[in-house]
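This briefing is intended to be read alongside the sequence and the structure. It is arranged by topic.

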Amino acid sequence: MAENLATGRRKRSIARVILMPGSGKITVNEKPVEEYFPRETLRMILMQPFHVAGVTGKYDAIVKVDGGGLSGQAGAIRHGIARALVNLNPDLKPKLKKEGLLTRDPREVERKKYGQPKARKRFQFSKR
């Protein structure tokens, strides 16, 4: 059997994904995906690689994810699942790459600068 472990990253989140043939059951941090991600949109995000590859319900995923918030974690899991699918079946790579699922989203939070209330917002300027 091909190597089926992959790492996905997004913002501050890191997801370690193990894929194995099964019935489509996804476990995140030892909880069912419905319990870990109550919002339907987040579950849709992490199911995207399966839909694009056309293998919905054919693989079980065991995921360990930490860091960041729920949105970043969902993105990290999506990235990890896409990479794991390519490890299992390299023929899926062009499909997943075309949809942008193999690209690590580089956007990070910009740091707050001194003399400003936020990263780019300035304190109110007064002439007098």
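Does Gln73 count as buried or exposed? In this predicted model, the relative accessibility of Gln73 is 6%, below the 20% cut-off, so the residue counts as buried.

**Gln73 and its surroundings**
- Gln73 belongs to helix H3, which spans residues 70–88.
- When neighbours within four places in sequence are left aside, Gln73 has contacts with Ser13, Tyr36, Phe37, Val65, Asp66, Gly67 and Gly68.

**The aromatic pair**
- Tyr36 and Phe37, both among the contacts of Gln73, form an aromatic pair with edge-to-face geometry.
- Their ring centres are 5.0 Å apart, and the planes stand at 80° to each other.
- The count of aromatic pairs comes to 1.
- Tyr36 and Phe37 are both buried.

**The packing of H2 against H3**
- Helix H2 (residues 40–53) packs with helix H3 at an angle of about 15°, and the two axes are 8 Å apart.
- An angle under 35 degrees counts as roughly parallel, and H2 and H3 are therefore roughly parallel to each other.
- The crossing of these two helices is right-handed.
- From H2, the residues Leu42, Ile45, Leu46, Gln48, Pro49, Phe50 and Ala53 take part in the contact.
- Their partners in H3 are Leu70, Ser71, Ala74, Gly75, Ile77, Arg78, Ile81, Ala82 and Leu85.
- By type, the residues of the contact of H2 with H3 comprise 12 nonpolar, 3 polar and 1 charged.

**Ile45 within H2**
- Ile45, a residue of helix H2, has a relative accessibility of 28% and therefore counts as partly exposed.
- Apart from neighbours within four places in sequence, Ile45 is in contact with Ala74, Gly75 and Arg78.
- Ser126 is 81 residues from Ile45 in sequence, and the C-alpha atoms of the two residues are 46 Å apart in space.

**The loop between S3 and S4**
- Most residues other than glycine have a negative phi.
- Asn29 has a positive phi, near 50°, and is not a glycine.
- Asn29 is placed in the loop between strand S3 (26–28) and strand S4 (31–32).
- Glu30, in the loop between S3 and S4, is likewise not a glycine and has a positive phi of about 65°.
- With a relative accessible area of 26%, Asn29 is partly exposed, whereas Glu30, at 64%, is exposed.

Notes:
Residues numbered from 1 in each chain as written. Predicted model: local features only at pLDDT ≥ 70, side-chain atom pairs only at ≥ 80, totals over all residues. Heavy atoms only, no water. Axes fitted to C-alpha atoms, helices over the stretch in contact; angles between N-to-C directions. Helix = DSSP H or I, 4+ residues; strand = E, 2+ residues; numbered from the N terminus. Parallel < 35°, antiparallel > 145°, perpendicular 65-115°, else oblique. Left-handed = near helix turned anticlockwise from the far one by under 90°. Contact = heavy atoms within 4.5 Å. Nonpolar A, V, L, I, M, F, W, Y, C, P; charged D, E, K, R; others polar. Phe/Tyr/Trp six-rings, centres within 6.5 Å; stacked < 30°, edge-to-face > 60°. Buried < 20%, exposed > 50% of the residue type's maximum accessible area, 1.4 Å probe, protein only.
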